[in-house]
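Thanks for coming, everyone. Please bring the sequence and the model up on your screens.

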Amino acid sequence: MNIAVVFSGGPAPGGHDVISGIYDAMNPGDQLLGALQGPIGLVNGDFQVLDSEIIERFRGTGGFHMLGSARLKIKSSEQFDLVRAVVSNYNLDAIVMVGGDDSNTNAFFLAQELEAVNCQVIGVPKTIDGDLQVEGKLPISFGFDTATKIYSELVGNLLVDCASSLKYWHFVKLMGRSSSLVTLEVALQTQPHITLISEEVASKKWTINDVVSYVGERISERVIAGTDYGVVLIPEGLLEVLPPFKTPDSLASQFRGKTDDHGNINLSKMPTEQLLAEMVKDECSKQFDLKYHTHFYGYEGRCGKPSLFDQCFATALGKTAARLVYDGYTGYMAYVGNLNGEWEDGGIALDSLLHEEVREAGLVKVIAKTLVDLSSKAFQEFVTNRDSWLKEGQFKSPGPRQFCAEEDMVLPLTVEMNS
Ligand code: FBP
């Protein structure tokens with residue numbers, strides 16, 4: 001068989017292990033090809049043959065640089081024709097698409113388009129955002145564990161720094177798109193002074209002014225108590241859930257309407273942390289002068305060396321994808337679940353995950369993003385403890401990852417608590 005593997009969307013730690021897992025599970029004599037620059041390589045017929053030398057060079061490493069990736073959505077009939085031609089030129093029997101919710105949606109439509117040319121399409125759940133989950137089957141995608149451990153180290157360092165220098169507030173935006181799962185996980189791991197969760201803000205129907213008051217009041221509480229320093233965590237998708245707001249020359253307004261190829265707003269480019277810090281400073285200016293720094297943690301974690309958990313998990317996902325190919329499936333996504341016990345694996349029909357959503361192009365069929373469930377154990381744990389985290393001495397600084405078996409196989413707290 002000839003199997004092609006495609007990285008799609010943003011990188012996530014463990015991608016190279018998915019490929020290693022596919023390679024390990026392939027029958028001798030079968031060929032694995034890697035699409036260069038992800039979907040772009042698939043459309044243009046740009047591939048690299050993946051042999052044992054390349055596989056061993058990249059096994060266990062972070063990043064997607066073995067092949068490169070892109071956010072191209074294969075959607076037009078011309079693009080589907082080009083892929084069909086590539087399938088025929090390279091005698092491809094199967095394509096494994098390693099991607100998030102949008103890329104797996106694309107994998108579903110590609111599977112339909114390629115059925116006539118007998119080419120199977122299998123998806124593998126990838127994304128640091130944690131927003132691709134399937135209840136009862138897939139508790140998380142690969143990459144989330146490593147990325148959140150890296151962000152937790154960085155946030156932990158800031159917590160120690162501000163408690164040491166006693167003078168700064170750090171406003172930290174964390175990647176994750178519309179879902180605040182990354183932020184919730186990092187909050188549980190580091191116990192910072194103030195954390196915003198977009199799903200809660202949306203449920204309370206807060207405006208930007210409500211958010212500014214909430215943060216300002218908590219900061220004032222600490223200032224009055226003589227602790228004029230702390231860390232504020234802000235999910236990347238915060239602005240998306242706030243009703244349109246007007247601030248003079250609003251930074252956010254510059255970015256409204258700009259979307260990626262799948263119709264997602266480019267939240268990573270919105271300087272939400274800066275905007276919020278400025279507005280809070282303004283709000284508090286009559287009482288005190290807020291001294292702050294802003295940070296955005298996202299790219300730092302997307303390509304980190306995968307944790308042992310992510311290496312094992314991604315390899316298992318790759319092996320499962322290969323098995324689905326050999327068993328003749330198409331339009332399925334590989335899963336590995338029951339992570340607290342004996343791991344279980346298999347395939348999930350992609351069409352069972354689709355729902356209708358309004359995107360830039362109107363109503364489209366996509367895989368629903370998993371958001372923070374406000375009734376989940378993980379969120380409730382956060383709600384129970386956040387007031388005490390606001391006070392001195394509650395924070396945690398996990399430090400660098402140790403990569404020793406026991407510590408590095410610890411599941412993300414949100415996954416552990418919610419399973
Ligand atoms: P995927 O959905 O492709 O996994 O990417 C996730 C992500 O890391 C988001 O958290 C972030 O908003 C986005 O990528 C940033 O994308 P870009 O690489 O285009 O800046």
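Predicted model: local features only at pLDDT ≥ 70, side-chain atom pairs only at ≥ 80, totals over all residues.

Helices first. Find helix α9, residues 208-224, and helix α11, residues 272-284. They pack at an angle of about 65 degrees. Their axes lie 9 Å apart. The crossing of α9 and α11 is right-handed.

Which residues of α11 meet α9? They are Leu276, Met279, Val280, Glu283 and Cys284. On the α9 side, the contact includes Ile208, Val211, Val212, Val215 and Ile219. Asn209, Ser213, Gly216 and Ser220 of α9 take part too. By type, the residues of this contact are nine nonpolar, four polar and one charged.

Now the strands. Go to strand β10, residues 332-337. Is β10 largely enclosed or open? Five of its six residues are buried, so the rest of the structure largely encloses β10.

What pairs with β10? Take strand β5, residues 120-125, to begin with. β5 and β10 run parallel, and two bridges join them. Look at glycine 123: its bridge partner in β10 is methionine 333.

Then there is strand β11, residues 344-349. This pairing with β10 is antiparallel, over six bridges. Tyrosine 335 stands opposite glycine 346 of β11.

How many residues sit between β10 and β11 in their hairpin? Six. Asparagine 338 is in that turn, and its phi is positive, about 50 degrees.

To recap: β10 pairs in the parallel sense with β5 and in the antiparallel sense with β11. Over to you for questions.

Note on methods:
Residues numbered from 1 in each chain as written. Heavy atoms only, no water. Axes fitted to C-alpha atoms, helices over the stretch in contact; angles between N-to-C directions. Helix = DSSP H or I, 4+ residues; strand = E, 2+ residues; numbered from the N terminus. Left-handed = near helix turned anticlockwise from the far one by under 90°. Contact = heavy atoms within 4.5 Å. Nonpolar A, V, L, I, M, F, W, Y, C, P; charged D, E, K, R; others polar. Buried < 20%, exposed > 50% of the residue type's maximum accessible area, 1.4 Å probe, protein only. Pairing = 2+ DSSP bridges.
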